[in-house]
Amino acid sequence: MSIFVDENTKVIVQGLTGGQGKFHGLRNRDYGTKIVGGVTPGKGGTDVEGIPVFNTVKEAVEATGATASFVSVPPKFASDAILEAAAGGITFIVCITEGIPAHDEAVTYNRLVEEFPGVRLLGPNCPGIISPGKCNIGITSGDIALAGGPVGIVSRSGTLTYQALHELSQQGIGQTTCVGIGGDPVPGTNFIDCLAAFEADPETKAVMMIGEIGGSEEERAAEWIKLNMTKPVVSYIAGVTAPAGRKMGHAGAIISGSKGTAQAKMDALAEAGVHVCLNPTEAGQKMVEIVKAL
Amino acid sequence: MDLFEYQGKQYFSRFGIAVSPGDVADTVEQAVEVANRVGYPVVVKAQVKVGGRGKAGGVKLANNVDEVRLHAGNILGLDIKGHVVHRLWIERSSDIAKEYYASFTLDRPNKTHLGMLSAQGGVEIEVVAEENPDAIAFLTIDPVRGLDLATSRRWVNEAELDEAAREQAAELLVKLYECYTKGDCDLAEINPLILTPDNKVHALDAKVTLDENASFRHPEWEEFRATETEDPREKMAKEKGLNYIGLDGTVGIIANGAGLAMSTLDVVNQVGGSAANFLDIGGGANADVMASALEVINSDPKVKVIFVNIFGGITRVDEVAKGVLEALQRVSIESPIVLRLDGTNAVEGRAILAPHLNEKLITEPTMLDAARRAVAFANA
């Protein structure tokens, strides 16, 4: 099994007619994802290489039965696009947009929770989700993933998500699902959401968790793991050498005062029984050992 | 983007938050002119983006022209924790009956806004939080509903501000929240917020951090950007749309994605090297961006080797490869370049570079191998 998306998930792409939306939407389709439509206001009735384009999410959902959306629109329009998806009947929204103002994210997240309980947002500013061999929504290169499990991956950083997939696939270890939750201050889906889903998924036997400096999500995840997780977890936290007070690219990745350091996160995870590794390769090797011993 | 105190006060003023009358001065003569205009006594305050100005002698009271000359002359050019003072803020001195603390920031774990209010202001709030946590009234604010006056009134009561300050403070806090949200601040903090002996409440300091992701709807931020004191390479990188932070080591780093860039720094460190910088070329970087990145790193004399670590996603590796070749034609790069290329269009990218590889342009199959090779060059 996989979490959140599988071979039956029907997906629309909001922003399919834009450069990024088209490139990645078509790549997702080539991978085998059921990309059933696109949404661009004013371009309804046209198509992108055979994928029908609609003016609104509602029309697209009615015509295609889609339940998931891939949001690839500029930061200015992303919040509206996310809320339109939820109002239009989409229940799983993947937003890859980078650069959305934090206040917009905070409002959008809380409106989703209050007005559309049951809708899950992944991102913004995330690479997306891939259940290898079944469904790929977002910008992950499908050929670096390996189908068949048994490892679930959850990561806060885009490129490190690919690195984690790559380390495992190179060693012949497959993945059930790989989720990139994104590095923004208000992520729709967090580590704990993913850890809980992996814990409940019978085909996932172990989890790789990739974190980074800033915030306290890793520490919260560690608490949760300690109390609830029966499956082995391997982690890697990026930013051991990051200086305090400087934003390392992601809006969320900043060490403020004594808080948010890689060391504090690694300590909390180790304390929760997680196998804490110092670089992605080491994490990959540790996971190989764990999977071989299953 | 962090604002200077004077910019924070000017920003507050736009939202109707009361601050002391004052103005900026870059020379002693300007300081005298401002002081004469706002009226004595005045406070001469160093404008640097670092705490502890008072202790460092960067904040002085002046009762007359001579004292303004003396203090302005001493403070201009002063080095406060590595920040040299180029600008002063001169404001009318306020009599203080009470000092409070007020701030708004994002509560990330709760995904709400967090207001902090304390009747014990004027000292570092971290110290209050540590020694007397009950002295801070925390307020969780739903970003959808915002902060209304009724809630604000309950909040100032809970914080036990002095009776005389409560109504004015409640109104000021609603305005500060407006400033925080409509003004797209990551942090809006007043410490101290004061009550004067004649029962007026106003902001005596301003600490504002703006969310740069919201720049598109704030053209007025341009003036703040102009005064950002930056490392020249950081400035050059920013102009080219790159996310660059200068560090002290000898291995120049270029990676795509913040996480991979941080991880590259870590791995270089683990194999015995040290990074000269953090540089994230971002998602979707093309050949031109890559070439610019190499130019920025190349301008750093500390750099002995350049490690390019790319895992293509939205970024296409063939574009990165083209950028490397373009940069090599555009500028003369003395340092060897070690590349690790994986992900989207990696096969195409490696094929583009293959005919050009030599002892100073090298590819390695993994991140760890590439880090080792780069560090070997750096330590040779």
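Helices (H or I, at least four residues) and strands (E, at least two) are DSSP runs, numbered from the N terminus.

The model is a predicted one, in which local features need pLDDT of at least 70 and side-chain atom pairs count only at pLDDT 80 or more, while totals for chains, interfaces and linings use all residues. Residues are numbered from 1 along each chain as its sequence is written, and chains are lettered from A and ligands numbered from 1 in the order in which they are written.

Chain A contains nine helices and 14 strands. Its C-alpha trace spans about 55 × 40 × 30 Å along the principal axes. A compact globule of 294 residues would have a radius of gyration near 19 Å, and the 18 Å of chain A agrees with this; the radius is taken over C-alpha atoms, and the globule rule is 2.2 Å times the number of residues to the power 0.38.

Two strands pair if DSSP finds at least two bridges between them. At one end of the order, β8 (128-131) of chain A pairs with β9(A) in the antiparallel sense over four bridges, and A:Ser131 has A:Cys135 as its bridge partner in β9(A).

The domain assignment, whose bounds come from an automatic or database source, gives chain A domain 1 (10-122) and domain 2 (141-292). Eight residues of domain 1 of chain A are in contact with nine residues of domain 2 of chain A, where contact requires that the C-beta atoms, placed from the backbone, lie within 7 Å. On the domain 1 side, α4 (102-115) and β7 (120-122) of chain A each give two or more residues, and α4(A) gives the most, with four. That side has six nonpolar, no polar and two charged residues. In this classification Ala, Val, Leu, Ile, Met, Phe, Trp, Tyr, Cys and Pro count as nonpolar, Asp, Glu, Lys and Arg as charged, and the others, Gly among them, as polar.

Helix α4(A) also packs with α3 (75-87) of chain A: the axes come within 10 Å and cross at roughly 5 degrees. The two helices are therefore roughly parallel, given that angles under 35 degrees count as roughly parallel, over 145 as roughly antiparallel, 65 to 115 as roughly perpendicular and the rest as oblique. A:Ser79, A:Ile82, A:Leu83 and A:Ala86 of α3(A) make the contact with A:Asp104, A:Thr108, A:Arg111 and A:Leu112 of α4(A). These residues divide into four nonpolar, two polar and two charged.

In all, 51 residues of chain A are in contact with 46 residues of chain B. On the chain A side, the elements that give two or more residues are α3, α4, α5 (158-170) and α9 (280-292) of chain A. The largest share, eight residues, comes from α4(A). By class, this side has 22 nonpolar, 21 polar and eight charged residues.

One helix pair joins the two chains. Helix α5(A) packs with α9 (258-270) of chain B at an angle of about 70 degrees, the axes being 5 Å apart, which means that the two are roughly perpendicular. The contact involves A:Gly158, A:Thr159, A:Leu160 and A:Gln163 of α5(A) and B:Gly259, B:Leu260 and B:Ser263 of α9(B). It has two nonpolar, five polar and no charged residues.

Chain B is divided into domain 1 (21-92), domain 2 (98-224) and domain 3 (232-379). The C-alpha centres of domain 1 and domain 3 of chain B lie 44 Å apart.

Methods
Two residues are in contact if their C-beta atoms, placed from the backbone, lie within 7 Å. Axes are lines fitted to C-alpha atoms, for helices over the stretch in contact, and angles run from 0 to 180 degrees between N-to-C directions.
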